[in-house]
Amino acid sequence: MSILIDESTTFIVQGITGREAVNLTRECLDYGSTIIGGVTPGRRGREVHGVPVFDSVAQLVEATGQVPDGSVVTVPPAFTRDAVFEAIEAGVRLVVIVTERIPRYDVAQMVELANLRGARIIGPNCLGLIRPGVGKMGGIGGPARDVVKAYQPGSVGVMSRSGGMTTEISSTLTAAGLGVSTAISIGGDPIIGSTYAELMPLFEADDQSEAIVIYSEPGGRMEAELAAWVIENRSRLPIVAFMAGRFMDEMPGMSFGHAGTIVEGKADTAAEKIARLEAAGIAVAQEIAEIPDLVRERLGGRAGAGGQVVA
Amino acid sequence: MRFFEYESRRILERERIPITQSGHAETPEEARKIAEDVGGPVVIKSQVLAGGRMKAGGVKFADTPEECEAHARDILALEINGQVPRGVLVAAKAQIAHEYYAGVIYDGVRKLPTFVFSDMGGIDIEEVAETHPDHIGRGHFSTVLPPMDFRAKDAIAQTGLTGRELTRLTPILSALARLFATYDMTLAEINPLVKLEDGSFVAVDAHMEMENEARPRQKALLTELGVGEDETREAREATPFEIEGERIDSVDHRGVAGNVTEFDGNLGLVIGAGGGSLTLFDAVRHHGGNPANYCEIGGNPSVSKAANLTKLVLQKPGVEKIAVMMSTVSNTRVDIVARGVIKACVELGFDPAEKIAVFRIPGAWEEEGFKILDRYGLEYADRSVSMHEAARIAVEKVSGGSDGAAPLRGEEPGAEKPPTERLSGADEVLEG
Amino acid sequence: MAGLFIDVEVDESVAGDPDLARRLEEACPVDIFADADGRVEVVEDNLDECVLCELCIGTAPAGAVRVKKLYDETVLST
């Protein structure tokens with residue numbers, strides 16, 4: 001079993017000729033991912049690190065004779081909705097949206113279309129996802145030589161609203177010898193394609209994952225949704241959460257960090273979220289360095305019931 | 001970005017939602033003129049971006065133009081939550097038979113916009129939701145399919161309304177949904193939406209918020225309303241320090257070095273990225289430190305951009321040292337940031353090794369970065385030193401950082417009313 | 001004058017080559033080279049922006065462009 005990507009996953013990069021896209025294409029190729037093509041309107045015939053560039057997804061599908069499994073979308077905010085619709089309508093079923101500052105209505109439209117077509121969106125405003133030792137989609141972890149320092153294969157699934165903190169947490173888990181099963185930068189916007197609760201069933205079904213670590217922030221109802229999911233589904237996976245931005249509770253009405261941190265009600269505050277997560281049996285770490293021990297404690301407690309302790 | 005009521009009313013007009021006759025006045029004389037045009041009893045309302053206007057004395061009624069002018073004079077001079085009013089709104093006083101609530105917001109869990117309707121309008125909708133949930137109707141609507149009136153009708157019908165009320169309210173709520181979609185709103189509410197004694201419906205107050213990310217494409221509307229590009233409409237006005245931070249970020253498109261917020265501590269922060277900054281700011285406070293600022297660097301800024309932000313922080317009065325810290329970086333380069341912060345120190349005549357309390361940025365190009373830090377004798381940390389530990393080191397190196405964090409104080413601690421409460425409810429109940 | 005961290009040297013023998021001046025200006029992502037009427041000009045204000053990509057070194061004849069890292073006294077060249 002694996003989550004979202006495996007050895008055979010193929011994907012494309014939309015907006016491949018942009019500065020950041022060129023970098024992430026190089027990084028993904030170096031890490032062993034299979035990129036079958038890229039799209040930038042008007043740039044057909046070019047190559048980016050050996051990857052052929054097309055004017056459209058349809059053209060790419062025709063030329064390569066295959067529909068890619070996924071797409072990494074890194075086009076400017078004003079063009080993102082069109083690019084994502086294009087990918088989904090061409091049959092792509094996993095769309096990673098890197099772009100940030102996309103208006104929320106556009107995001108709602110993209111997510112609604114994905115739901116209608118049976119596609120999944122990760123992001124927007126994310127760095128993508130990685131299956132350590134197998135492949136990565138997006139800039140997550142940076143250049144391949146840096147990726148290996150932070151991401152070694154292991155037993156802990158990571159989901160994070162912050163791209164940078166995905167790597168910080170994974171690096172800590174790797175240094176502690178626990179390693180990472182799959183890490184997903186889910187995005188920092190108020191509406192995102194896949195929330196913690198929506199990704200949990202994938203981790204549940206993944207043999208390699210024994211525990212979950214999440215990074216969360218003030219704003220939104222995503223943590224409450226996860227807490228409810230955990231209680232309802234009696235998850236086999238212990239979860240450890242880290243909550244950043246606690247200081248924001250002292251400054252109502254101000255927004256820091258990601259667009260998604262806008263607090264629109266009392267249930268969105270850090271204090272309220274911590275209470276809800278803890279009520280669902282989710283451990284909330286004070287600092288990142290505590291996370292490996294908290295994970296071990298939880299795995300240890302479950303070992304007698306058939307769980308597996310990973311040292 | 002929140003709109004003033006007089007702006008929200010103009011947006012309602014664009015969608016042909018009926019509103020009470022009104023005008024916006026900057027002076028008592030203008031207010032009197034509007035009252036004369038209305039030719040009957042009026043209400044005078046302070047134009048501030050805050051709730052609780054009624055309680056604060058920012059809403060008054062007048063039967064004559066003279067009385068209106070006198071009230072306008074008082075209200076124009078009255079600060080509410082630290083805000084000087086942006087003029088007053090003078091509106092015809094409605095002959096109210098019944099009050100309703102009509103709103104559209106996002107449901108972040110379902111990821112769709114949703115109607116919220118109640119036949120108990122004029123009061124805080126959250127209170128209604130708690131005490132009389134059966135008087136609230138809700139319903140999502142599609143962002144992909146064409147807009148359909150039946151979605152609005154279903155939401156209204158949930159409250160038990162039927163007959164002419166239902167058929168007359170449906171197009172109004174439907175128009176509010178169109179407006180929400182067309183103008184990239186995150187909140188569009190009419191409270192109260194009023195049935196007049198003749199059976200017609202009219203909006204008596206409106207509250208709209210537009211998403212900041214959509215401001216570029218809503219330029220036409222914003223220009224028409226006279227909303228300046230530099231108007232942030234945040235909970236408190238930006239300070240000169242914050243405006244300069246914004247300028248540094250905007251003049252150089254390479255990466256991010258901005259989102260600066262000013263505090264009054266002695267430890268300057270050059271931190272990043274989005275989540276890393278939130279984590280590090282908490283960590284500094286956890287160890288009893290007093291930050292001079294919040295900021296975010298990321299997305300691989302240029303050396304000069306990192307240097308300019310660092311200079312801004314270094315020159316802030318009261319800053320003793322700075323801490324340069326980030327979560328493990330992927331595309332921002334350690335060596336580039338190291339060059340930027342050292343350059344800032346050198347150009348201002350400081351010894352980087354003395355001024356930079358700690359440098360903790362592991363990740364991309366760290367080997368190259370550490371060479372630079374070695375050369376200048378800086379104390380730096382690799383990824384084996386946690387973000388919290390780095391924050392502790394920084395706090396220990398500045399004075400007065402041992403007895404617990406002081407309460408956070410920005411430069412203008414006055415305006416504390418959040419501008420973006422969900423379903424913030426009406427400011428006042430108008431009498432029929 | 002050098003930057004604080006980086007200095008770039010261009011051999012006098014190639015600095016007057018108009019074609020090289022144009023290609024160096026195009027190659028450098030941080031505008032360290034300018035084409036000054038057919039002559040290679042090093043823009044001192046931008047020296048510290050160097051990202052060590054070595055595109056300039058690959059563009060010029062072997063050994064003609066040298067990027068000096070002043071913080072560890074190493075030189076990048078062909």
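Predicted model: local features only at pLDDT ≥ 70, side-chain atom pairs only at ≥ 80, totals over all residues.
**Strand pairing, helix packing and the chain contact**

Val42(B) stands opposite Ala92(B), a residue of strand 4 of chain B.

- Strand 2 (residues 42-46) and strand 4 (residues 88-92) of chain B are paired in the antiparallel sense, with five bridges between them.
- The open sheet has four strands in the order 1-4-2-3 with antiparallel pairing, and because strand 1 (22-25) and strand 3 (59-62) of chain B each have a single partner strand, these two stand at the edges, with one side of each left without a neighbour in the sheet.
- On average, and with direction ignored, neighbouring strands of this sheet are turned by 20 degrees against each other.
- Helix 3 (residues 65-76) of chain B packs on the sheet, where it touches strand 1, strand 2, strand 3 and strand 4 of chain B, and its direction makes about 10 degrees with that of strand 2 of chain B.

**Two helices of chain A**
- Helix 3 (residues 77-89) and helix 4 (residues 104-117) of chain A pack at an angle of about 5 degrees, their axes being 10 Å apart, and they are therefore roughly parallel to each other.
- Among the residues that meet here are Val84(A) and Phe85(A) from helix 3 of chain A and Met110(A) and Leu113(A) from helix 4 of chain A.

**The contact of chains A and B**
- Chain A contributes 55 residues to the contact and chain B contributes 50 residues, and helix 4 of chain A gives the most to chain A's side, with seven residues.
- The residues on the side of chain A divide into 25 nonpolar, 16 polar and 14 charged.

Conventions. Residues numbered from 1 in each chain as written. Chains lettered and ligands numbered in written order. Axes fitted to C-alpha atoms, helices over the stretch in contact; angles between N-to-C directions. Parallel < 35°, antiparallel > 145°, perpendicular 65-115°, else oblique. Contact = placed C-beta atoms within 7 Å. Nonpolar A, V, L, I, M, F, W, Y, C, P; charged D, E, K, R; others polar. Pairing = 2+ DSSP bridges.
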